[in-house]
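Subject: A structure for you to look at

Dear colleague,

Here is the structure that I promised to hand over. Please open it first, and then read the notes below with it beside you.

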Amino acid sequence: MDSALLRINNISGHMTRSCPMRREFGGQQFQQQGTAWSLINSGPCVGRASPIKVLVTGAAGQIAYSLIFMIASGQMFGPYQPIQLHLLDIPKMADALKGVSMEIQDGAYPLVHSVLCSTDVQSAFTGVHVALLVGAFPRGPGMQRKDLLKVNVSIFKEQGEALGKYASRDVKVLVVGNPANTNALVALTKASELPPQNFSALTRLDQNRAASMVSDKVGVNVDNVSNVIIWGNHSLTQVPDVTHAIINNYPAAGLTSPALSTINDDKWVSESFMPLVQNRGAAVIAARKLSSAASAANAIVGHMRDWLMGTKQGEIVSMAVISDGSYNVPKGLIFSFPVTCRNGEWSIVQGLKISQSIQQKIDITTKELQEEKETAFSFL
Ligand SMILES: NC(=O)c1ccc[n+]([C@@H]2O[C@H](COP(=O)([O-])OP(=O)(O)OC[C@H]3O[C@@H](n4cnc5c(N)ncnc54)[C@H](O)[C@@H]3O)[C@@H](O)[C@H]2O)c1
Ligand SMILES: O=C(O)C[C@H](O)C(=O)O
């Protein structure tokens, strides 16, 4: 197979049936403006009445096997956004990829208008509005993510070039394949035609892991925990930070409490919570003999939904994005920062107070990213 297009729905017929004037998604109101959906009171956002092209690489792999079906069911772009899926994998996975496309068809997802299965980079990347770069080799037991640099950098070099040449100029890119921050930097560097702000790497899984651990400790539902921050690299040196985290509806409905004083156990924060979050990926590999997949897919959906649809009022999420020098992180590294998103753009939250102990840890993860960058660029 080079490329095979499966046309599932009649695109124009579907559009006219499913675009009312106002809709609600993720607790937010959208209205139709021409062919676009806009957040009411928030300017334009991703929602379009015409289909968007969504690329998933590594589409025959284990993360993709959860992710593609979450996208197809509307969990990433909302229940009114038609989708054209572009699925890329390597030639030896062509049969498995075909099986995935058969299952998409059998799932009868109304939002999926077509599926392009390809082992050819050019056709897979052409015209895409969203690129989810999952395809890469995962680490096994005993490995660190940066051990994958040599084998995975060449993938992101080629795909960065393809983004620059063939993708839509407003493409939003999320790199998942490890080491995700540095692979994203390689792709961005090779796509010099595109703004660096279009690129990001995934640390949302770490954020979700951290929020879940805090919710267990305090005894609240995880959706009551917000503003946990992950600083730096998606690696052992990442800095899970609860200094600015909030417990909502605690101690009673409608009230909020700072997480740190609610937890009231500094030893737990530094000696249990932080290392558990940092080592969680390895713990899953030790238990499953495979790396996290379903939870990674859920994190990818959360990351893209917030980027495109906007974060909730007062909410901070973590995304690895290009550093502009904020918090003294050298410009040009892909670094996980606290961000908010509006109108399809992220901005780094400024002015947060950083304790000395968190600052020391930020310096360590920064140093690791600088070293990874040097190693990766020596392979280019
Ligand atoms: N950032 C994160 O939070 C996070 C979380 C989980 C996994 N990961 C990483 O995501 C990556 C994928 O994990 P997985 O469990 O799905 O692995 P997997 O081995 O199950 O699937 C990877 C797929 O990518 C394909 N692939 C390899 N090279 C490719 C290329 N050049 N173009 C397109 N496809 C290619 C493989 O054939 C395979 O089908 C790994 O690098 C893993 O470490 C990152
Ligand atoms: O740990 C891994 O290698 C996979 C992934 O990055 C994770 O955090 O689960």
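**Notes on the strands, the domains and the ligand shells**

Within strand S9, Ala131 is the bridge partner of Leu55. Before going further, please keep in mind that this is a predicted model, in which local features need pLDDT of at least 70 and side-chain atom pairs count only at pLDDT 80 or more, while totals for chains, interfaces and linings use all residues. Residues are numbered from 1 along each chain as its sequence is written, and chains are lettered from A and ligands numbered from 1 in the order in which they are written.

The protein chain has twelve helices and 19 strands, where helices (H or I, at least four residues) and strands (E, at least two) are DSSP runs numbered from the N terminus. Of the 380 residues in the protein chain, 45% are buried; a residue is called buried if 20 or more other C-beta atoms lie within 10 Å of its own, exposed if 12 or fewer do, and partly exposed in between, with C-beta atoms placed from the backbone.

To return to S9, this strand pairs with strand S6 (residues 52-57) in the parallel sense over three bridges, and pairing here requires that DSSP finds at least two bridges between the two strands. S9 also runs parallel to S10, to which four bridges join it, and there Leu132 stands opposite Leu174. In a regular strand the side chains alternate between the two faces of the sheet. In S9, Val130 and Leu132 point one way and Ala131 and Leu133 the other way, and all of them are buried.

The domain assignment, whose bounds come from an automatic or database source, divides the protein chain into domain 1 (33-40 + 51-201) and domain 2 (204-377). Taken over C-alpha atoms, the centres of domain 1 and domain 2 are separated by 23 Å. The contact between them takes 36 residues from domain 1 and 33 residues from domain 2, where two residues are in contact if their C-beta atoms, placed from the backbone, lie within 7 Å. On the side of domain 1 that touches domain 2, H6 gives the largest share, seven residues. By class, that side of domain 1 has 23 nonpolar, nine polar and four charged residues; Ala, Val, Leu, Ile, Met, Phe, Trp, Tyr, Cys and Pro count as nonpolar, Asp, Glu, Lys and Arg as charged, and the others, Gly among them, as polar.

Ligand 1 is surrounded by 28 residues, of which the closest are Gly58, Gly61, Gln62, Ile63 and Gly135; a residue is near a molecule if its C-beta atom, placed from the backbone, lies within 6 Å of it. The shell around ligand 1 divides into 16 nonpolar, ten polar and two charged residues.

The shell around ligand 2 draws at least three residues from each of domain 1 and domain 2. Its largest share, four residues, comes from helix H10 (residues 280-288). Among the residues that surround ligand 2 are Pro138, Arg139, Arg145, Asn178 and Leu205, and the shell is made up of five nonpolar, four polar and two charged residues.

For "binding site", an unreviewed UniProt entry lists Asp89, Asn152, Val176, Gly177 and Asn178; UniProt positions are given in the numbering used here, feature names are shortened, and annotations may be inferred rather than shown by experiment. Asp89 is found in the loop between strand S7 (83-88) and helix H3 (94-107), and Asp89 counts as buried because it has 24 C-beta neighbours inside 10 Å. Not counting residues up to four places away in sequence, Asp89 touches Gly58, Ala59, Ala60, Leu97, Thr119 and Gly135.

Val176 lies in the loop between strand S10 (172-175) and helix H6 (180-190), and is buried, with 28 other C-beta atoms within 10 Å. Leaving out residues up to four places away in sequence, Val176 touches several others, including Ile63, Leu132, Leu133 and Val134.

Finally, Ile247 lies in strand S15 (residues 246-248) and is buried, with 24 other C-beta atoms within 10 Å. The C-alpha atoms of Ile247 and Asp89 are separated by 42 Å, and the two residues are 158 residues apart along the chain.

With best wishes
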